[in-house]
Amino acid sequence: MKYKIILFAFLSFFDFACTQQNKSMAFLSKYSKLEIEYYQQIAFKEDKIRKWDEDIVIYIDPKFDDQFKKFAARIIFEVDSLIPNLKINISDKNYNIQILYEDNNLNTMGAASTKLYFLSSKIKSSIIWLSPLNSKNELRFNFCHELMHAFGLYHTKKFQKTHSLMGYNMFKSIEDFEVFRETFHSIPSIDKKALEIHYNECIESGLSKKDLLLLINQSLS
Ligand SMILES: [Zn+2]
């Protein structure tokens, strides 16, 4: 009997959540097809939307130099303004995202690891490692890339239409690539839009790929 009551409570919750989504996916009409296509491609690590639904406090390793700390603070402020329903702050106390200036055991220039709450797709905490072997230019780009992971977004190899943080960026030459990294000082517009869409209250954590596609098609038809 107890189980039936619990099951009923779950079903009611999901039913309510879906009704809410159907009503309000109209917000997507302010985004271009390209922006929605990119978002769809980076929205999943596996089959469920993962996102934060609580305020975020970010710890920045004091080992970073002042120039990087300033850059990181500006980017975090920018992300905060894109996600009005969550507060994002920087502090060395009670943090749930850590940004560390050290190598991870994967031998990559950057990595992120995200923990979820038990039986949930809600993010509980995240750690970003940035290798001290990064050049200054690489460090800025890799920080923004890993920050997208910490907020629940992933890669796509399919997206090559414009330079982005999570797509497969194609360059005509090494020089073009170097110019892109040197002049990289803020989150590309297409990634800002993806963060906005991901944190719109109509995109619920736990939503599947199939259901997201269905909701997007319904709202755009
Ligand atoms: Zn990555």
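**The packing of helix 3 and helix 4**

Tutor: Gladly! In this predicted model, helix 3 (residues 66-82) and helix 4 (residues 136-150) have axes that come within 11 Å and cross at roughly 35°. Their crossing is right-handed. Helix 3 contributes Phe68, Phe71, Ala72 and Ile75 to the contact, while helix 4 contributes Leu139, Arg140, Phe143, Cys144 and Leu147. Sorted by class, that makes eight nonpolar residues, no polar ones and one charged residue.

Now for the sheet beside these helices. Five strands form an open, mixed sheet in the order 2-1-3-5-4. Strand 2 (88-90) and strand 4 are its edges, each pairing on one side only. From one strand to the next, the twist averages 15°. Further in, strand 3 (residues 97-100) and strand 5 (residues 123-130) run parallel and are joined by four bridges. Within that pairing, Ile97 stands opposite Ser126 of strand 5.

Helix 3 touches strand 1 (56-60), strand 2 and strand 3, and its direction makes about 165° with that of strand 2. Helix 4 touches strand 3, strand 4 and strand 5, and its direction makes about 15° with that of strand 4.

Leu116 lies in strand 4 (residues 110-116). Leu116 is partly exposed, because 15 other C-beta atoms lie within 10 Å, where 20 or more would be needed to call a residue buried. Leaving aside residues up to four places away in sequence, Leu116 touches Arg50, Ser121, Lys122, Ile123 and Lys124. Of these, Arg50 is 66 residues apart from Leu116 along the chain, yet their C-alpha atoms are separated by 8.2 Å.

For another helix pairing, look at helix 2 (residues 33-42), whose buried residues are Glu35, Tyr38, Tyr39 and Ile42. Seen down the axis of helix 2, these residues fall within an arc of 100°, so they line one face of the helix. They pack against helix 6 (189-198).

Finally, step back to the whole protein chain, which has seven helices and five strands. Along the sequence they follow the pattern α-α-β-α-β-β-β-β-α-α-α-α. Of contacts between residues at least 6 apart in sequence, 75% join residues at least 24 apart. Buried residues account for 27% of the 221 residues in the protein chain.

Key:
Residues numbered from 1 in each chain as written. Predicted model: local features only at pLDDT ≥ 70, side-chain atom pairs only at ≥ 80, totals over all residues. Helix = DSSP H or I, 4+ residues; strand = E, 2+ residues; numbered from the N terminus. Buried ≥ 20, exposed ≤ 12 C-beta atoms within 10 Å, placed from the backbone. Contact = placed C-beta atoms within 7 Å. Axes fitted to C-alpha atoms, helices over the stretch in contact; angles between N-to-C directions. Left-handed = near helix turned anticlockwise from the far one by under 90°. Nonpolar A, V, L, I, M, F, W, Y, C, P; charged D, E, K, R; others polar. Arc of directions from axis to C-beta. Pairing = 2+ DSSP bridges.
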